[in-house]
Amino acid sequence: MPPPDSRCSRGNTMNVTTGSITTLKGVQHVSATLTRKTVPGQVFLSGWRSHDDGISHTVIAHWPTRHPLYASHVDRYNPLLLSETIRQSLALLSHVAHEVPLDFRLGWESYDSSIVPAALSTRTPPSDVRLTITHTKVTRRRLGSTHLAAQITAVRDEEPLGIARVRYIAHPPAIYSRLRGEYADAQAATARALPLGPALDEAVRGGATSLENALLSPLGEPNRWQLRVDTANRSFFDHAHDHIPGLLLLEAAAQAVHAMSGTTQIAPMEFDARFVRYVELDAPCWIEATPLRRNRNGMVSTDVTGEQNGRHVFSIHVTAGEPT
């Protein structure tokens, strides 16, 4: 388990500090529409409020006791639950705090995070998670797109949970349509998705990853796989998408680390992700990882990259370790 002052984004230190869980005044209810989710069981946010400084907000989330992806790991939540909670929080705040219209299309450019594994235990009763989110950049371009950057600190039961930095962008419909061309129609893009390929054997992918959540298909090559995308999986696709979501790519990178580790349990603790291009549903995406590097604390790390149609589409540096 990394100490509370664990590092994030290789070279940029962000400290996970304790936070006080106190009753908040002025908390407003969260509408599911504002989280960009359509299935009620996939919405984790319950409230939000503004801070007096004008740039910071608190978002309250309630994590589920049971969930096919996020609560499937033995005695602990999948670390990606924090990533999804952050994603929903940024979608919410882009609308209620930064006046981004609901028809704008949101996309992550980068995602750096560090988590405290002990805070993911499911042995304690379900509790509220509180995120303090400060937007350090909100730039509105002349043609209508908005570039945003945020820093996030999360606590659970008054204990540090994790930290993150996210850069993301919001495009108005007209710009997004020009940018995406034939792929702008989410329903049509989903309909063109490749057939579902075979999954890694359970002995390789680990028992904590169910068949429906398995994201890698074997290629018979070391440290190389084809991305396996099931658009019927409501954890990743609770509505039609015109491209593969960034959260799915993070989980694929985590599964790649597990497949390489040879251990029964291993969990990602840090991500340093760059999303270079949209990853399409109708073409193979090849996933490749560098050999695992091990440090003195028993942690492992690797660089996971994606290639599609001969072009680099994303890179994710992952640090992982056995749960404690």
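These legends describe close-up views of side-chain contacts in a predicted model.

**View 1. Trp63 and Tyr77 form an edge-to-face aromatic pair.** The whole structure holds five aromatic pairs. In this one, the ring centres of Trp63 and Tyr77 are 5.0 Å apart, with 70° between the planes. Trp63 sits in the loop between strand E3 (56-62) and helix H1 (80-96), and Tyr77 lies in the loop between E3 and H1, so the pair ties together parts that are 14 residues apart in sequence. Trp63 is buried, at 1% relative accessible area. Tyr77 is buried too, with a relative accessibility of 3%.

**View 2. Trp108 and Tyr111 form a stacked aromatic pair.** Their centres are 4.8 Å apart. The angle between the planes is 5°. Both Trp108 and Tyr111 are buried. Phe275 belongs to the picture as well: ring pairs link Trp108, Tyr111 and Phe275 into a cluster.

**View 3. Arg156 is buried but has no salt bridge.** Arg156 is found in strand E6 (residues 146-156). The nearest side chain of opposite charge belongs to Asp157, 4.3 Å away. What does a polar atom of the Arg156 side chain lie 2.7 Å from? The backbone oxygen of Ala119. Leaving aside residues up to four places away in sequence, Arg156 touches several others, including Leu120, Ser121, Thr124, Asp128 and Leu161. Tyr77, the ring partner of Trp63, is also among the residues that Arg156 touches.

**View 4. Lys37 and Glu84 meet in a salt bridge.** The whole structure has twelve salt bridges. Here the N to O distance between the Lys37 and Glu84 side chains is 3.8 Å. The pair links distant parts of the chain, 47 residues apart. Lys37 is in the loop between strand E1 (28-29) and strand E2 (45-50), while Glu84 is in helix H1. Lys37 is buried at 8% relative accessibility. Glu84 is buried at 2%.

**View 5. Arg180 meets both Glu280 and the ring of Tyr278.** The salt bridge between Glu280 and Arg180 spans 2.8 Å, N to O. Glu280 lies in the loop between strand E10 (267-275) and strand E11 (285-289), and Arg180 lies in helix H2 (residues 173-180), so this pair ties together parts that are 100 residues apart in sequence. Glu280 is buried, with a relative accessible area of 10%. For Arg180, also buried, the value is 6%. Arg180 lies over the face of Tyr278 as well, 4.3 Å from the ring centre.

**View 6. Glu288 and Arg224 form a salt bridge.** The closest N and O atoms are 4.0 Å apart. Glu288 is in strand E11 and Arg224 is in strand E9 (residues 224-227), so the pair ties together parts that are 64 residues apart in sequence. Are these side chains buried or partly exposed? Glu288 is partly exposed, at 42% relative accessibility. Arg224 is partly exposed as well, at 21%.

Notes. Residues are numbered from 1 along each chain as its sequence is written. This is a predicted model: local features need pLDDT of at least 70, side-chain atom pairs count only at pLDDT 80 or more; totals for chains, interfaces and linings use all residues. Side-chain values use heavy atoms; hydrogens and water are left out. Rings of Phe, Tyr and Trp (its six-membered ring) pair if their centres lie within 6.5 Å; planes under 30 degrees apart count as stacked, over 60 as edge-to-face and the rest as tilted. Helices (H or I, at least four residues) and strands (E, at least two) are DSSP runs, numbered from the N terminus. Buried means under 20% relative accessible area, exposed over 50%, partly exposed in between (1.4 Å probe, protein chains only). A charge sits over a ring if NZ of Lys or CZ of Arg is within 6 Å of the ring centre and within 35 degrees of the ring normal. Lys and Arg count as positive and Asp and Glu as negative; His and the chain ends are not counted. A polar contact is a pair of N or O atoms within 3.5 Å; within protein, one must be able to donate a hydrogen and the other to accept it, and residues adjacent in sequence count only if both atoms are side-chain atoms. Contact means heavy atoms within 4.5 Å.
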